[in-house]
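Please view the sequence and the model together while reading.

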Amino acid sequence: MHAIPQHTRHLLERLLEAYCARICPPTARNTVLIGYRIEEDHVWLDELRRICGVPGTRRNLPVARFRYRATDGCWLLDQRDEAGRWRRHRGLAPTRSFLELLREVDADPTGVFWGRIDGKSLRWCTSKGRCASCDLRYGEVLGIAVSVPAAPRRA
């Protein structure tokens, strides 16, 4: 086990602070928050839930785990299986880009990350999907170009 280099850790903290501040829709911030933890060579993305509904209390429910491999400077992404064990996320090779893995968690094409939080997805601000405003905020943090539909033209 090797710790994440200090400079990399600082960059991760800045990225994850911005991501966690924007991922949770404003309508859900009173009940659910997203946070992160960095320990040695692991980074966890967590849902922070109130304990028994008591304000000011929180428990961490892990959503995703990122592992740093010091031997080659690569990152790996893990997901939890039905038994609660961490398993390597399939379809992604180890990468030197943490942001690439965070984008995968955000997109969650297979529903293994956000689909497991009490049947609700925190990725969406409405039942119809993510609004244009949220898309812009998330795209800004994740470095993704987001196209915004043009406003209707007036005749």
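The text below treats a helix, a group of aromatic rings and the cysteines.

This is a predicted model, in which local features need pLDDT of at least 70, side-chain atom pairs count only at pLDDT 80 or more, and totals for chains, interfaces and linings use all residues. Residues are numbered from 1 along each chain as its sequence is written, and side-chain values use heavy atoms, without hydrogens and water.

Helix α1 spans residues 6-23 and has 18 residues; helices (H or I, at least four residues) and strands (E, at least two) are DSSP runs, numbered from the N terminus. Buried residues of α1 are Leu12, Leu15, Leu16, Tyr19, Cys20 and Ile23 (buried: under 20% relative accessible area; exposed: over 50%; partly exposed in between; 1.4 Å probe, protein chains only). They lie on the same side of α1, because their arc around the axis is only 130 degrees (taken from the directions from the helix axis to the C-beta atoms). Gln6, His7 and Arg14, on the other side of α1, are exposed.

The structure holds 3 aromatic pairs. Rings of Phe, Tyr and Trp (its six-membered ring) pair if their centres lie within 6.5 Å; planes under 30 degrees apart count as stacked, over 60 as edge-to-face and the rest as tilted. Two of the pairs are tabulated here.

| Pair | Centre distance | Plane angle and class |
|---|---|---|
| Tyr68 and Trp75 | 5.2 Å | 55 degrees, tilted |
| Trp75 and Phe98 | 5.0 Å | 70 degrees, edge-to-face |

Trp75 lies in strand β4 and Phe98 in helix α2, so their pair ties together parts that are 23 residues apart in sequence. Both Trp75 and Phe98 are buried.

There are 0 disulfides (cysteine sulfur atoms within 2.5 Å). Cys20 is buried at 10% relative accessible area, whereas Cys52 is exposed at 77%.

Terms used
The expected span of a helix is 1.5 Å times one less than its number of residues.
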